[in-house]
Amino acid sequence: MASEQKVAAITGAANGIGWALAQQFAAAGYAVCAIDLDLDAARARAKELSGDHEGFACDVSDADEVEKAFAAIDKRFGRLDVLVNNAGIVGSQEASIHQDMEYFDRITKVIVNGTFLCSRAAYHPMAARRNGAIVNVGSIAGLVGLPRRNAYGAAKAGVHSLTRALASEWAAQGIRVNAVAPGFIATSMVQGLVERGIVDEARLSRRIPMGRLGTPDEVAEAILFLASDSARYITGSVLSVDGGWAAFGDAGNASEA
């Protein structure tokens with residue numbers, strides 16, 4: 001039987017932005033369904049949260065696994081109020097002419113197909129209550145052209161387009177669909193790239209008008225807002241959370257413009 005506590009499902013919840021999301025939604029009073037490819041990691045994260053939460057395993061690119069995971073969520077909690085499609089993988093730093101098509105397809109399946117499959121599975125419990133919020137994690141890579149990020153950028157642009165299409169289709173059922181487009185965020189993944197010399201953090205920071213990389217908490221706060229009743233008249237939007245990166249159109253040091 002469904003309780004009165006709101007339920008939020010978060011994909012890719014074990015690390016980075018996903019883990020920041022799980023903590024913030026739990027702190028806001030939601031029961032969190034931490035969904036991750038790694039079941040042990042998902043369950044461990046759910047245990048770290050204070051309250052009634054649970055971890056679920058799911059490869060979001062697999063339709064059968066998605067249906068089973070969301071059926072398990074419905075059986076466990078009896079409702080679903082929020083879905084955050086956060087799961088994704090980062091594209092290789094390869095120029096288009098050298099891009100491995102198997103990897104290109106995998107990125108598209110996880111990011112685009114995964115967002116669609118999870119949203120479709122969330123539709124039924126949300127439509128039954130005629131209320132729900134879906135927030136998709138896009139990227140500035142889906143707004144502008146980033147060299148050597150062709151697969152990732154194409155997939156994230158697909159997420160932005162899918163967001164607008166689903167928002168238009170599902171508004172009549174009381175379901176809002178929005179997205180965020182994070183910029184360069186100081187996750188463990190990005191820090192690993194910095195340590196390996198692949199990413200120059202100082203150079204990146206100069207390109208950002210606010211002069212620094214963002215934090216996972218800052219992205220999570222924007223998502224929590226879009227999922228909340230405070231955003232009840234917002235649907236079909238893609239909100240940049242990038243410190244002004246995509247807005248800056250001049251040459252030189254953005255943080256000293």
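# Exercises with worked solutions

Arg-130 counts as exposed because its relative accessibility is 53%; exposed means over 50% relative accessible area, buried under 20%, and partly exposed in between (1.4 Å probe, protein chains only).

This is a predicted model, in which local features need pLDDT of at least 70, side-chain atom pairs count only at pLDDT 80 or more, and totals for chains, interfaces and linings use all residues. Residues are numbered from 1 along each chain as its sequence is written, and side-chain values use heavy atoms, leaving out hydrogens and water.

## Exercise A

Place Arg-130 in the chain and state what its phi angle is.

Step one: find the element. Arg-130 sits in the loop between H4 and S5. Helices (H or I, at least four residues) and strands (E, at least two) are DSSP runs, numbered from the N terminus.

Step two: read the backbone angle. The phi of Arg-130 is positive, about 55 degrees, although the residue is not a glycine. Most residues other than glycine have a negative phi.

Check the end-to-end span of helix H5 (residues 150–170) against its number of residues, then state which of its residues are buried and what covers them.

Step one: work out the expected span. The rule is 1.5 Å times one less than the number of residues. For the 21 residues of H5 this gives 30 Å, and the end C-alpha atoms are 30 Å apart, so the two values agree.

Step two: list the buried positions. In H5 they are Ala-151, Tyr-152, Gly-153, Ala-155, Lys-156, Val-159, His-160, Leu-162, Thr-163, Leu-166, Ala-167 and Trp-170.

Step three: look for the cover. The elements lying over the buried residues of H5 include H4, strand S5 (132–137), strand S6 (175–182) and strand S7 (238–241).

His-160 belongs to H5, and it counts as buried because its relative accessibility is 2%. With residues up to four places away in sequence left out, His-160 touches Gly-138, Ser-139, Gly-142, Leu-143, Ala-181 and Val-238. A contact here means heavy atoms within 4.5 Å.

## Exercise C

Describe the largest nonpolar core and the elements that supply it.

A nonpolar core is a set of buried Ala, Val, Leu, Ile, Met, Phe, Trp, Tyr and Cys residues joined through side-chain atoms within 4.5 Å.

The largest core has 30 residues, and Phe-70, Ile-73 and Leu-83 have the most contacts inside it.

Step three: assign the core to elements. At least two of its residues come from each of strand S1 (7–11), strand S2 (31–36), helix H3 (63–77), H4, H5 and S6. H4 gives the largest share, 7 residues.

Step five: look for another core. There is a second, separate one of 28 residues, and Ala-13, Ala-133, Val-135 and Val-241 are among them.

## Exercise D

Step one: Thr-187. This residue is in the loop between S6 and helix H6 (188–195). Leaving out residues up to four places away in sequence, Thr-187 touches Gly-16, Ile-17 and Pro-216. Asn-85 is 102 residues from Thr-187 along the chain, and their C-alpha atoms are separated by 17 Å.

Step two: Arg-207. This residue belongs to helix H7 (residues 201–207). Ala-41 lies 166 residues from Arg-207 in sequence and 35 Å from it in space, C-alpha to C-alpha.

Step three: Ser-96. The loop between strand S4 (82–85) and H4 holds this residue. Ser-96 and Arg-148 are 52 residues apart in sequence, and their C-alpha atoms are 6.5 Å apart in space.
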